[in-house]
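Subject: Structure handover

Hello,

Here is the structure I said I would pass on. My notes on what was found in it follow below.

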Amino acid sequence: MKRLRPASALLMLLAIDLIWQLVSLSLSISTNPTLLALAGDSLEYWNMSGTISEGNFIQNQPFLSAPLYPYFVALLRAVGFDIIGVVVVQIMLRSVTAWLIAACSKKMFDNEWLSLFSATAFLLLLEPAYFATRIVNSSLQLFLVAPSF
């Protein structure tokens, strides 16, 4: 009998987690109408991205957080994504971030099982999973920071 390789286990873990997140999103849409009702930071980011996607690249107000996220959402909106589309992209970014964490861990410690554990630990964190389903900048920030290690 073949032993499970860490790389294969990582791919299976990422696939299962991605499917789980997308199924959870699908079920949440049908049972939780407030998911589509943006408020607070989510509403502000959505409005800013709408202004940017209409061609107003320079904002009159100062950014109160990292300015890349509204432009990222504006790009997604410009190619036709709605709120759910942006959330799906963020869920995929979360999965790619887990893979990047595993790759960084493997490079730093030269241990494939530890890299699998690192990705698993990230995927078990509640905050990245929660914020991937909201219009906030956490998913993009984690994705951009992960390869810096």
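At what angle do helix α1 and α4 pack, and how far apart are their axes? Before the answer, please note that this is a predicted model.

Helix α1 covers residues 6–31, and α4 covers residues 83–109. The two pack at an angle of about 160 degrees, with their axes 10 Å apart. An angle over 145 degrees counts as roughly antiparallel, so α1 is roughly antiparallel to α4. The crossing of α1 past α4 is right-handed. On the α1 side, the contact is made by Leu-10, Leu-14, Asp-17, Leu-18, Gln-21, Leu-22, Leu-25 and Ile-29. On the α4 side, the residues in contact include Ile-84, Val-87, Val-88, Ile-91, Met-92, Arg-94 and Trp-99. Sorted by class, this contact of α1 with α4 has 14 nonpolar, 2 polar and 2 charged residues.

From α2, the contact draws on Tyr-45, Trp-46, Met-48, Ser-49, Gly-50, Ile-52 and Ser-53. From α3, the residues include Tyr-69, Pro-70, Tyr-71, Val-73 and Arg-77. The contact of α2 with α3 divides into 10 nonpolar, 3 polar and 1 charged residues.

Next, the cores. In soluble globular proteins, nonpolar side chains tend to be buried together. In this model, the largest nonpolar core has 19 residues. Those with the most contacts inside this core are Leu-25, Trp-46, Tyr-69, Phe-72, Val-73, Val-86 and Ile-135. At least two residues of this core come from each of α2, α3 and α4, and α4 gives the largest share, 7 residues. Another core, apart from this one, has 9 residues, among them Leu-14, Ala-102, Leu-116 and Ala-119. As for Val-73, leaving aside its neighbours within four places in sequence, this residue is in contact with Trp-46, Ser-49 and Val-86.

Is Asp-110 buried or exposed? Its relative accessibility is 69%, so Asp-110 counts as exposed. The phi of Asp-110 is near 50 degrees, a positive value in a residue other than glycine.

Regards

Definitions and conventions:
Residues numbered from 1 in each chain as written. Predicted model: local features only at pLDDT ≥ 70, side-chain atom pairs only at ≥ 80, totals over all residues. Heavy atoms only, no water. Helix = DSSP H or I, 4+ residues; strand = E, 2+ residues; numbered from the N terminus. Buried < 20%, exposed > 50% of the residue type's maximum accessible area, 1.4 Å probe, protein only. Axes fitted to C-alpha atoms, helices over the stretch in contact; angles between N-to-C directions. Parallel < 35°, antiparallel > 145°, perpendicular 65-115°, else oblique. Left-handed = near helix turned anticlockwise from the far one by under 90°. Contact = heavy atoms within 4.5 Å. Nonpolar A, V, L, I, M, F, W, Y, C, P; charged D, E, K, R; others polar. Core = buried A, V, L, I, M, F, W, Y, C linked by side-chain atoms within 4.5 Å.
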